[in-house]
Amino acid sequence: MWQYLNYLLYPFSLLYGLVLWIRNRLYDNGVLTSVEFDLPVIAVGNLSVGGTGKTPHVEYLIRLLKGHYNIATLSRGYNRRTKGFLLAKADTTAADIGDEPMQFHQKFPTITVCVGEERMLAVPELLGERPETQLILLDDAFQHRSIKPGLNLMVTDHSRLFTRDHVVPFGRLREGRKGYHRANGIIVSKCPPDLSKAEQDKLRAEIQPLPHQRLFFTTLRYGQPVDMLTNERAEIPAEAGILVVCGIARPEPLVQHLLQRYKNVHLLSFPDHYYYTQKDLDKIKLELDQLDGDQKCIITTEKDAVRLHLLHERISHMQLPFKVMPVEVAFLSGEEESFNSFIFEYVANSMLAAENEAG
């Protein structure tokens, strides 16, 4: 029944898609203008609503570039409790700048992290505050067309490719499928680590990258859990009861990873970007107490941890054993060096063009 009711949303998807198509055509034809800046700007985003694994790819770029350039990340700061342009500082919290920027700030304290809803206005503010900035990573900015990035990277989930999806509310796309034409690089994320070359070729044929586009395949690589409050490595026995607590768009990859290592895994899911309360902690404790066995722990994501840290005193008082599961991306088919060269070549060419224009 719900499947048939869902089809009632299809006309609204068509209407919304038409509005976005007109907007994109206005930008493409120069009626609406996009601002370019005289330094390398790399945008990382997606066509769909959340859950593609965009954040680990931004972190990959940070690791790749931070030793070579003074870099800054600029995000909207989704679901934060502040407004306007804001630079991350020593006392900044997830409530100030949002969970993903806060994650960047905690993991990479030497880079500049900032947020601003109007990114076209935020970039000049960023450069005014931090004139030493040499390169900007725009987080989740594929549809933010008021800025024209020098390099557009689009991430699409292997299990929910944009080619098989529809515009919201019937599907999960933020705009029509042809929006992928704007990408310079397309990354198929969350692939099975053993995805064969033949399967990659099938996906390549389905996506049909344009001549100017590069296509890459990545998988998630989970690390060793760490204690959320002490940041110490956590050794969790295979027979332990695991309560997975997370407020992310797609917890399934994490759950599947844990099921390969632990026998007793239960999921307690919250909405994406959710801010936890004392009532939630009470519910988490109740769920944990109901797990079988003497050894139990709570596993959460890095993104959740920066939000949960707002309640760290209560978590410590309640002795809730939160462990954080770090995650990174790994490229398939030995394409890491090819991707790295793709990025460094763009940055070098962009800087050379800026120097030549300056004179």
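Helices and strands are DSSP runs, numbered from the N terminus. The structure is a predicted model.

**Exercise 1.** Determine in which loop Asp-272 is found, and whether Asp-272 counts as buried, partly exposed or exposed.

*Solution.* Step 1: locate the flanking elements. Strand β11 covers 264–269 and helix α9 covers 278–289, and Asp-272 lies in the loop between them.
Step 2: apply the accessibility limits. Buried means under 20% relative accessible area and exposed means over 50%. Asp-272 has 29% relative accessibility, so it counts as partly exposed.
Step 3: list the contacts. With residues up to four places away in sequence left out, Asp-272 touches Gly-247, Ile-248 and Ala-249.
Step 4: check a C-alpha separation. Cys-246 is 26 residues from Asp-272 along the chain, and their C-alpha atoms are 8.2 Å apart.

**Exercise 2.** Classify the packing of α3 against α5 by angle, handedness and residue class.

*Solution.* Step 1: take the geometry. The axes of α3 (residues 54–65) and α5 (residues 99–107) come within 11 Å and cross at roughly 30°.
Step 2: classify the angle. Angles under 35 degrees count as roughly parallel, which means that α3 is roughly parallel to α5.
Step 3: assign the hand. The crossing of α3 and α5 is right-handed.
Step 4: inspect the contact. From α3, Lys-54, Thr-55, Val-58, Glu-59, Ile-62 and Arg-63 take part; they meet Glu-100, Gln-103, Phe-104 and Lys-107 of α5. By class, the residues of this contact are 3 nonpolar, 2 polar and 5 charged.

**Exercise 3.** Repeat the classification for α3 and α12.

*Solution.* Step 1: take the geometry. Helix α12 spans residues 336–358, and it packs with α3 at an angle of about 70°, the axes being 11 Å apart.
Step 2: classify the angle. The range 65 to 115 degrees counts as roughly perpendicular, so α3 is roughly perpendicular to α12.
Step 3: assign the hand. α3 passes α12 in a right-handed crossing.
Step 4: inspect the contact. Tyr-60, Leu-61, Leu-64 and Leu-65 of α3 meet Glu-336, Phe-339, Asn-340, Ile-343, Phe-344 and Val-347 of α12. This contact has 8 nonpolar, 1 polar and 1 charged residues.

**Exercise 4.** Identify the residues that touch the most other members of the largest nonpolar core, and trace the contacts of Phe-339.

*Solution.* Step 1: the largest nonpolar core has 53 residues, and Ile-42, Leu-65, Ile-242, Phe-339 and Ile-343 touch the most other members.
Step 2: leaving aside neighbours within four places in sequence, Phe-339 is in contact with Tyr-60, Leu-61, Leu-153, Ile-187, Phe-216 and Phe-331.
Step 3: another core, of 20 residues, lies apart from the largest one; among its members are Val-226, Leu-281, Leu-288 and Leu-308.

Definitions and conventions: Residues are numbered from 1 along each chain as its sequence is written. This is a predicted model: local features need pLDDT of at least 70, side-chain atom pairs count only at pLDDT 80 or more; totals for chains, interfaces and linings use all residues. Side-chain values use heavy atoms; hydrogens and water are left out. Axes are lines fitted to C-alpha atoms, for helices over the stretch in contact, and angles run from 0 to 180 degrees between N-to-C directions. Helices (H or I, at least four residues) and strands (E, at least two) are DSSP runs, numbered from the N terminus. Angles under 35 degrees count as roughly parallel, over 145 as roughly antiparallel, 65 to 115 as roughly perpendicular and the rest as oblique. A crossing is left-handed if the near helix is turned anticlockwise from the far one by less than a right angle, and right-handed if clockwise. Contact means heavy atoms within 4.5 Å. Ala, Val, Leu, Ile, Met, Phe, Trp, Tyr, Cys and Pro count as nonpolar, Asp, Glu, Lys and Arg as charged, and the others, Gly among them, as polar. A nonpolar core is a set of buried Ala, Val, Leu, Ile, Met, Phe, Trp, Tyr and Cys residues joined through side-chain atoms within 4.5 Å. Buried means under 20% relative accessible area, exposed over 50%, partly exposed in between (1.4 Å probe, protein chains only).
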